Amino acid sequence: MNILIVIGLVLAGGTIACDHLIHELPQRLAIVLYSAAVILVVLGMIIRRKTNE
């Protein structure tokens, strides 16, 4: 598993945990964090695919 995928999953999980368990995040901050997590996961998949060829 690529490190970018792991970072993206941890970021998404941390955002969910913080939002539900600790304190509700502002809407814009949550959108930015989820978007960054999705971008990291997609980039990790693209890089992994290119290195396997």
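Helix 1 (3-22) is among the elements that cover the buried residues of helix 2. The structure is a predicted model, in which local features need pLDDT of at least 70 and side-chain atom pairs count only at pLDDT 80 or more, whereas totals for chains, interfaces and linings use all residues. Residues are numbered from 1 along each chain as its sequence is written, and side-chain values use heavy atoms, with hydrogens and water left out.

The protein contains two helices and zero strands. Helix 2 comprises 26 residues (27-52), and the distance from its first C-alpha to its last is 38 Å, close to the 38 Å expected at 1.5 Å a residue. The expected span is defined as 1.5 Å times one less than the number of residues in the helix. Within helix 2, the residues Ala 30, Ala 37, Val 41 and Gly 44 are buried. A residue is termed buried under 20% relative accessible area, exposed over 50%, and partly exposed in between (1.4 Å probe, protein chains only).

Along the principal axes, the C-alpha atoms fill a box of roughly 45 × 20 × 10 Å. Of the 53 residues in the protein, 19% are buried. The accessible surface amounts to about 4200 Å², and carbon and sulfur atoms account for 69% of this area.

Contacts (heavy atoms within 4.5 Å) were then examined. Among contacts with a separation of 6 or more, 70% are between residues 24 or more positions apart.

Leu 25 is located in the loop between helix 1 and helix 2. Its relative accessible area is 15%, so Leu 25 is classed as buried. When residues up to four places away in sequence are not counted, Leu 25 touches Thr 15, Cys 18, Asp 19, Ala 30 and Leu 33. The C-alpha atom of Leu 25 is separated by 20 Å from that of Ile 39, 14 residues apart along the chain. Thr 15, one of the residues touched by Leu 25, lies in helix 1. Thr 15 is buried because its relative accessible area is 4%. Apart from neighbours within four places in sequence, Thr 15 is in contact with Leu 25, Leu 33 and Tyr 34.

Asn 2 belongs to the segment before helix 1. With a relative accessible area of 16%, Asn 2 is likewise buried. Residues up to four places away in sequence being excluded, Asn 2 touches Gly 44, Ile 47 and Arg 48. Of these, Gly 44 is one of the buried residues of helix 2. Ile 47 is also placed in helix 2, but its relative accessible area of 39% makes it partly exposed. Under the exclusion of residues up to four places away in sequence, Ile 47 touches Asn 2 and Leu 4. The C-alpha atoms of Ile 47 and Leu 21 are 26 residues apart along the chain and separated by 33 Å.

A nonpolar surface patch is formed by Met 1, Ile 3, Val 6, Ile 7, Leu 9 and Val 10, with about 610 Å² of accessible area together. Patches consist of residues with over 30% relative accessible area and no salt bridge, with like charges joined within 9 Å and nonpolar side chains (Val, Leu, Ile, Met, Phe, Trp, Tyr) within 5 Å. A salt bridge is a side-chain nitrogen of Lys or Arg within 4 Å of a carboxyl oxygen of Asp or Glu. Ile 7, a member of this patch, is found in helix 1. Its relative accessibility is 42%, and Ile 7 therefore counts as partly exposed. The C-alpha atoms of Ile 7 and Ala 17, ten residues apart along the chain, lie 15 Å from each other.

Methods: Helices (H or I, at least four residues) and strands (E, at least two) are DSSP runs, numbered from the N terminus. Accessible areas come from the Shrake-Rupley method with a 1.4 Å probe; for residues, only the protein chains shown count as cover.
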